[in-house]
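Dear colleague,

Here is the structure I promised to pass on. My notes on the contact between the chains follow below it.

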2 protein chains.
Amino acid sequence: MDYHAISLREKLGLFTETWSPRVVAELNDYQVKLARIQGEFVWHRHEHTDELFLVLSGEMEILFRDGCVRLAEGDMYVVAKGIEHCPRASEEAQILIIEPRGVRNTGNTGGGRTADNDVWV
Amino acid sequence: MDYHAISLREKLGLFTETWSPRVVAELNDYQVKLARIQGEFVWHRHEHTDELFLVLSGEMEILFRDGCVRLAEGDMYVVAKGIEHCPRASEEAQILIIEPRGVRNTGNTGGGRTADNDVWV
């Protein structure tokens with residue numbers, strides 16, 4: 001049988017839109033997503049789940065109401081469920097996100113920055 | 001409040017043992033682990049969960065009974081639950097693994113290569 005590696009670099013080369021996560025794999029009921037981000041997102045929280053961020057290239061910050069964390073390439077952070085946060089990147093960054101299937105990118109906030117779910121690349 | 005990024009490179013510098021996964025973060029009831037691997041592991045399967053592999057440096061192969069997948073740096077693969085597999089790396093590779101908390105590294109096989117769980121770094 002043929003088994004194929006998932007090249008994160010190759011997958012990232014297949015889209016250019018920012019703040020538009022693409023699913024590359026599933027792990028039980030979790031999804032692994034890639035995203036390009038630039039600028040500031042919207043403040044939001046996910047009531048029922050933690051959210052993992054891993055920076056593949058560039059740098060990002062995750063703002064919290066009482067602080068922030070700066071992630072360089074190869075850095076990871078897990079935002080705990082229920083915690084308001086706002087991702088931001090001054091230059092374009094490429095990141096990997098893991099969270100349960102069906103989670104809305106804008107969490108409790110919704111609105112125009114809400115991306116379609118289950119868009120695979 | 002202070003928020004701290006998890007540097008995968010820094011964490012990998014804190015241990016040298018191969019086939020001895022170290023937990024660096026939790027995502028709900030999942031754990032993110034780092035491992036150094038070299039040589040061939042044991043054939044095993046996880047009856048109740050998929051398992052995610054991401055190569056951070058070096059190269060690895062995951063052998064299956066009817067094929068194999070070769071992962072270079074930046075490549076990912078999810079081994080489906082119940083599928084017998086055997087990880088292997090001819091030179092030392094550094095990898096990230098994600099799976100539910102409490103999963104035994106040797107799966108159904110057990111034996112001397114079984115690592116302690118919940119060893120954080």
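Contact here means heavy atoms within 4.5 Å. The model is predicted. On that cut-off, 34 residues of chain B and 34 residues of chain A take part in the contact.

The two chains, B and A, bury about 2,800 Å² between them, with 59% of that area on carbon and sulfur atoms. On the chain B side, the residues that lose the most area to chain A are Tyr3(B), Leu27(B) and Met76(B); together they make up 25% of what that side buries.

As for polar interactions, there are 14 residue pairs in polar contact across the interface of chain B and chain A, counting pairs with both residues at pLDDT 80 or more. The number of salt bridges between chain B and chain A is zero.

Several strands of chain B each supply at least two residues to the side that touches chain A: S1 (6-7), S2 (22-27), S3 (30-40), S4 (51-57), S6 (67-71), S7 (75-79) and S8 (85-100). Of these, S6(B) gives the most, with five residues. By residue class, the side of chain B that touches chain A comprises 21 nonpolar, six polar and seven charged residues.

There is also strand pairing between the chains. Strand S7 of chain A, residues 75-79, runs antiparallel to S1(B) and is joined to S1(B) by two bridges. Within S1(B), Ser7(B) is the residue that stands opposite Asp75(A).

Regards

Terms used
Residues numbered from 1 in each chain as written. Chains lettered and ligands numbered in written order. Predicted model: local features only at pLDDT ≥ 70, side-chain atom pairs only at ≥ 80, totals over all residues. Heavy atoms only, no water. Buried area = accessible area lost by both parts, 1.4 Å probe. Salt bridge = Lys/Arg side-chain N within 4 Å of Asp/Glu carboxyl O. Polar contact = N/O pair within 3.5 Å; in protein donor to acceptor, adjacent residues only side chain to side chain. Helix = DSSP H or I, 4+ residues; strand = E, 2+ residues; numbered from the N terminus. Nonpolar A, V, L, I, M, F, W, Y, C, P; charged D, E, K, R; others polar. Pairing = 2+ DSSP bridges.
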